[in-house]
Amino acid sequence: MNKAVVIGSGLGGLECGILLSKAGYRVTILEKNALPGGCIAGYWRDGAYYDTGFHYAGSIGAGQTLDLLFKGLGLENLPWQFLEGEEVEADGRRFYLPFGLDAYAAALSEEFPHCRAELRAYTDFLREVVQMPLVHFGEGRAMELFSRSSREYLESAISDPLLRKVLCGAATRLPYAPELPLYSFAQINGSFIQGAARLHGGGETLVKALISAFDAAGGTLVCNAGVRALEAGNGRVSRAVLADGSTIEADIFISDIHPALTNALLAPETLRPAYRKRLASLRQTGGYTGYSLRFRPGSLICPKRNFFLAPANGTVWDGGISAGLFFSAPKEGEYATTADILVPGNRPEEAQRWISAFNAVLPGLADSAEGLIVSTPHTWERYLGLPEGSAYGIAKDFTHPLSTVISPRTPLENLFLTGQNLNLHGVLGVSMTALYTCAEILGQEHIKKQFGI
Ligand SMILES: Cc1cc2nc3c(=O)[nH]c(=O)nc-3n(C[C@H](O)[C@H](O)[C@H](O)COP(=O)(O)OP(=O)(O)OC[C@H]3O[C@@H](n4cnc5c(N)ncnc54)[C@H](O)[C@@H]3O)c2cc1C
């Protein structure tokens, strides 16, 4: 039986572990922390559960991409709470945007009747992208859209500047920057608008489901097992060296950690300097400060929507600060237990400012809160090793698509990459990437059969 080692038990690592185990590999996932799950793992404090890097997922409606991917992984019957829409405040006006691409276009057409045709064309374009065939990585239409600018597209497709602001209003789900490729913009926005949901029990529910699917397929997860080196020779990795000095051999190695950190596990002479240098020099997307609120029991009904504030000054393209308020779906009942306000950058001292700003949108929010925990990009860097606490990994750049979209293949024939740094971040992006990674190992036909695509 072929052996595989996966470095890191983030979403991508667990998904690759499940796919390879189901294909007959003996898989061991090595996780440096005491708890698995990486960004999607939540935590408990003083009897309350807090989500961290998973508040909701897109394209989860029946037959949509994430739904197909999760079913193919064996993650069926998860307790999703579907969201009805989201609220965006821009230039002092409040907009309610229902989910579903047609409903979204129709609601915005009421507010911007002069842009009705543009909105129809916009949502048709998002539909085209979210329905693009899976499996083909770095090819065809997706790669063409990776080499186009989101900003230029929006400026030419939507004539009203306020409407453009609203369309970019849910800004915290994307690493907005002038270089943002059109593919990332359309796939992420399209997926959430198409069908978004949170999980009752949050990231913990997802991690438990992934681990039980991995267990059921015969895999082994080892925590407190950080990999400190990969030994290689003749163009192949032979074994992983763990922090305690022990070693583990395998036929295939998959790294779910940042590609530059993966390279740093190898002796310098193993890789061409140009490859190593290229991956080490790429820009990271920014990190977030999180203000996690805990609510008094029975004080605030949990809204089936998230809330966003568009930048008060400037736009998302030139560093304007946007913020999002994300509720966790309570395990039971209708009352909110916890929620997260996410604001880009390192702002541990600004909690009251942002709680007040969202209280104006959702009166009662501040009075219902009885606890606050603040996390910053440093928290993420320390806990998971994310370079600069980057929330969404390597920044994609439409002017350099070939060097910022990273292949799952490496110069070493049995070392593969996966996770949010390669193609697209988020639960959807990482799940798509796990499929691309495993298609390199198992072949596209195997993957197509497994997922019925
Ligand atoms: C604040 C925040 C909010 C977010 N909200 C959402 C959301 O609502 N919806 C959504 O879809 N996405 C969201 N995301 C994005 C999503 O969480 C990530 O894209 C995804 O979880 C990344 O998964 P991954 O597998 O790439 O890696 P990671 O989650 O980074 O996992 C890597 C794992 O490797 C481990 N590791 C590191 N070094 C080693 C080593 N040397 N040896 C062994 N193990 C190692 C780490 O401990 C970690 O467990 C959010 C992210 C952040 C930061």
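## Ligand contacts

A polar contact is a pair of N or O atoms within 3.5 Å; within protein, one must be able to donate a hydrogen and the other to accept it, and residues adjacent in sequence count only if both atoms are side-chain atoms. For histidine 55, a polar backbone atom is 2.8 Å from a ligand oxygen. For glycine 38, the distance from a polar backbone atom to a ligand oxygen is 3.4 Å. Taken alone, the ligand exposes 1,000 Å², and the protein buries 95% of that. These areas come from the Shrake-Rupley method with a 1.4 Å probe; for residues, only the protein chains shown count as cover.

## Basis of the model

This is a predicted model, where local features need pLDDT of at least 70 and side-chain atom pairs count only at pLDDT 80 or more, while totals for chains, interfaces and linings use all residues. Residues are numbered from 1 along each chain as its sequence is written, and side-chain values use heavy atoms, with hydrogens and water left out.

## The shell around the ligand

The ligand is surrounded by 34 residues. A residue counts as near if one of its heavy atoms lies within 4 Å of the molecule. The closest are Glu31, Gly53, Tyr56, Gln420 and Val427.

By class, the shell holds 17 nonpolar, 14 polar and three charged residues. Ala, Val, Leu, Ile, Met, Phe, Trp, Tyr, Cys and Pro count as nonpolar, Asp, Glu, Lys and Arg as charged, and the others, Gly among them, as polar.

## The seven-stranded sheet

An open sheet of seven strands runs in the order β7-β6-β15-β16-β17-β14-β18, with mixed pairing. Helices (H or I, at least four residues) and strands (E, at least two) are DSSP runs, numbered from the N terminus. Two strands pair if DSSP finds at least two bridges between them. The edge strands, β7 (93–98) and β18 (369–375), each pair on one side only.

## Strand β17 and its partners

β14 (residues 288–295) pairs with β17 (residues 338–344) in the antiparallel sense, over seven bridges. β16 (residues 323–327) also runs antiparallel to β17, joined by four bridges. Leucine 342 of β17 stands opposite glycine 290 and is the bridge partner of glycine 324.

β17 is mostly covered, with six of its seven residues buried. Buried means under 20% relative accessible area, exposed over 50%, and partly exposed in between (1.4 Å probe, protein chains only).
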